[in-house]
Amino acid sequence: MANQHDNHETNEDVIILGDQEVLKSDLLTLNMGPQHPATHGVLRVEIKTDSEIVAEAIPHLGYLHRCMEKHCEHLDYRGVIPFVDRMDYLASMSMEWGYALTIEKMLGTEVPRRAQYIRTMIAELQRIASHLMFYGTYAIDLGAFSPFLYAFQDREEILRLFEELSGARLLYNYVWIGGVWNDISDEQLKRVENFCYKMEENMKKYDDLVGQNHIFVGRTANVGVISKDLAYDFGLTGPVLRGSGIKWDLRKDRPYGIYNEFDFDVPVGQGLKGQLGDCWDRYYVRVQEIFESIKIIRQCLDGIEAGPVMGKVSKIIKVPAGEIYMRTECPRGELGYHLISDGGKTPYRLKVKSPCFTNVSILPELAPGQMVADLVATIGSIDIVLGEVDR
Amino acid sequence: MLNQITDYINSKVPSANAVATTPEKGDGFVTVKAESILEVANALKNSSEFEMNVLQVITGTDYPAASEIELTYVLASFTKNLELLLKVRLPRGDKNNLPKINSVVSVWRAANYQEREAFDMIGVTFVGHPDHRRILTPDDWDGHPLRKDYVVQEVYRGMVVNPAHKVNTEDHFFGKKLKETMDPKKVVNSWKSDDDASVEA
């Protein structure tokens, strides 16, 4: 005990919080999680606090670790798809698409136009669903419960459509190598069209309800600021990167699928309510992305053409020896698959570059000096899914 | 592009011995000597031409036949819109003598978690890492799961790993049983590729 005290004397005696200097007292170690609603899953953050101020935060990962990459080494190429579903279970369609693209690029498979349109459409619907989930849970993190219910009403419509398409609500196994499993009917397309109209109206209301609310702005503006250099240094991607004012979106900069044919903007943070790169900017980037996704879906609905939904793929897939790194833009950032094949029926090595794993690594950098409640706001704004962090 | 990067690395760090490989299928990569990874990383990040400002991922692959471990550093430039697979090869070592390589945390801080994962999963020690611990498995876990010869430990802290009564062995033989009891080709709604056309007819 005495030893600890001596150590403390030699350390810095003050913590700087904003423009205030606060006397440092003995630190209290507190475990946030693994069963804590604000950590969005089974993340444990070991925080050392000085009264309300966080001095250090250490994320402990691995509570959901299933060693997916090892499993994949024993599965044939089609059998991997249900496994990648279970990484980011809130954006399974995007996970599957990234994997399918990786294999298709190696095989040189041509995907039919209709399947391309369906894939783009469902990926954007999935992005909306995922961002709605963020919107709802982020409001809960900050103490507002009703936005969650509104968000889930709209998310439910997307999930119902996916359920009709694939038979499952969360883990779809719908995007297959060479195309998609099932065709989409005209009646379902009509529903998507109606949904777009409704979603656009609703989202404006939702943003007024939460994003422009004084309490919400007070809780998120100037909190958890990530500068441009910091974002590059930690390899951040997705809305977290764009929230710091960096215009980088794979759909625009390195188009995959048929994204080069669509007209849409890449929203970036502008520091409207506070400093550039704060939690509010990250929130607002996601809200704007929903509108951009609606734009893309409308163009898909206009352009979709009749035809097959499955390309020509041999019954037993053997990927030629070699390797490939394929990046796609998921709702949470850049998802990369690094596939090494030795020409056999199973991948020799499949490494997943998970956006959340990279994004959560900035937490120890942001936390010192924050209030505990602000740390909750920061974790929420990074929007992690633990299934993907731990894999 | 790869050749330009290779020439650049060789001019900046002559000891790196960079070699570009461009296969017929898939992505090409640059291999450098493991000892000079830190200099190469610094040179690539600070070059005005390539500006590799983002470290995307560090992958480890085990090659037991060659008794080597291959680390792949996937670098990207968000300003110049480039992507590079940078590879090093290390001797495989054994449990008590893991291969060593210099850490690149001083160049990209994203390497912190990536190197911890590589250490945890494939068993490579990163010299100079500020927080060299396991990240996904518990700190006292035994072995490195993504090595090809990994065998899961039987007992961990008095708990039996994969107890027999919890492993559903029947499912392991589901496919085999299906073939014995019924004709899989007759399963309704099963996926059909164009190759099946001849079988159907």
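Reader: How many nonpolar, polar and charged residues are in the lining of the second largest pocket?

Author: Rolling a probe the size of a water molecule over the atoms shows where empty space is left. In this structure, which is a predicted model, the lining of the second largest pocket is made up of 16 nonpolar, 8 polar and 7 charged residues, and the pocket itself has a volume of about 1,000 Å³. The residues that line it number 31, and the closest to its centre are A:His65, A:Arg66, A:Cys67, B:Trp141 and B:Val152.

Reader: Which strands and helix each supply at least two residues of that lining?

Author: From chain A they are strand E5 (53-60) and helix H2 (68-72), while chain B contributes through strand E9 (159-160). As for its position within chain A, the pocket lies between domain 1 (2-60) and domain 2 (68-390), because both of these domains give residues to the lining.

Reader: Turning to the helices, at what angle do helix H5 and H12 of chain A pack?

Author: Two packed helices are described by the angle between their axes and the distance between the axes. For helix H5 (residues 113-141) of chain A and H12(A), the angle is about 155° and the axes are 9 Å apart; these two helices are therefore roughly antiparallel to each other, and H5(A) passes H12(A) in a left-handed crossing.

Reader: How do the axes of H5(A) and helix H6 of chain A cross?

Author: The axes of H5(A) and helix H6 (residues 146-166) of chain A cross at roughly 155° and come within 9 Å, which means that H5(A) is roughly antiparallel to H6(A). The crossing of this pair is left-handed.

Reader: Are H12(A) and H15(A) roughly parallel or roughly antiparallel to each other?

Author: Helix H12 (residues 279-303) and helix H15 (residues 372-382), both of chain A, have axes that come within 9 Å and cross at roughly 30°. Angles under 35 degrees count as roughly parallel, and H12(A) and H15(A) are therefore roughly parallel to each other, with H12(A) passing H15(A) in a left-handed crossing.

How values were computed. Residues are numbered from 1 along each chain as its sequence is written. Chains are lettered from A and ligands numbered from 1 in the order in which they are written. This is a predicted model: local features need pLDDT of at least 70, side-chain atom pairs count only at pLDDT 80 or more; totals for chains, interfaces and linings use all residues. Side-chain values use heavy atoms; hydrogens and water are left out. On a 1 Å grid over the protein atoms alone, a cavity is a set of points where a 1.4 Å probe fits but cannot get out, and a pocket is an open set with protein on both sides within 12 Å along at least five of seven lines; lining residues have an atom within 4 Å of a point. Grid points are joined across faces, edges and corners, and a volume is the space filled by probe spheres set on the points. Helices (H or I, at least four residues) and strands (E, at least two) are DSSP runs, numbered from the N terminus. Ala, Val, Leu, Ile, Met, Phe, Trp, Tyr, Cys and Pro count as nonpolar, Asp, Glu, Lys and Arg as charged, and the others, Gly among them, as polar. Domain bounds come from an automatic or database domain assignment. Axes are lines fitted to C-alpha atoms, for helices over the stretch in contact, and angles run from 0 to 180 degrees between N-to-C directions. Angles under 35 degrees count as roughly parallel, over 145 as roughly antiparallel, 65 to 115 as roughly perpendicular and the rest as oblique. A crossing is left-handed if the near helix is turned anticlockwise from the far one by less than a right angle, and right-handed if clockwise.
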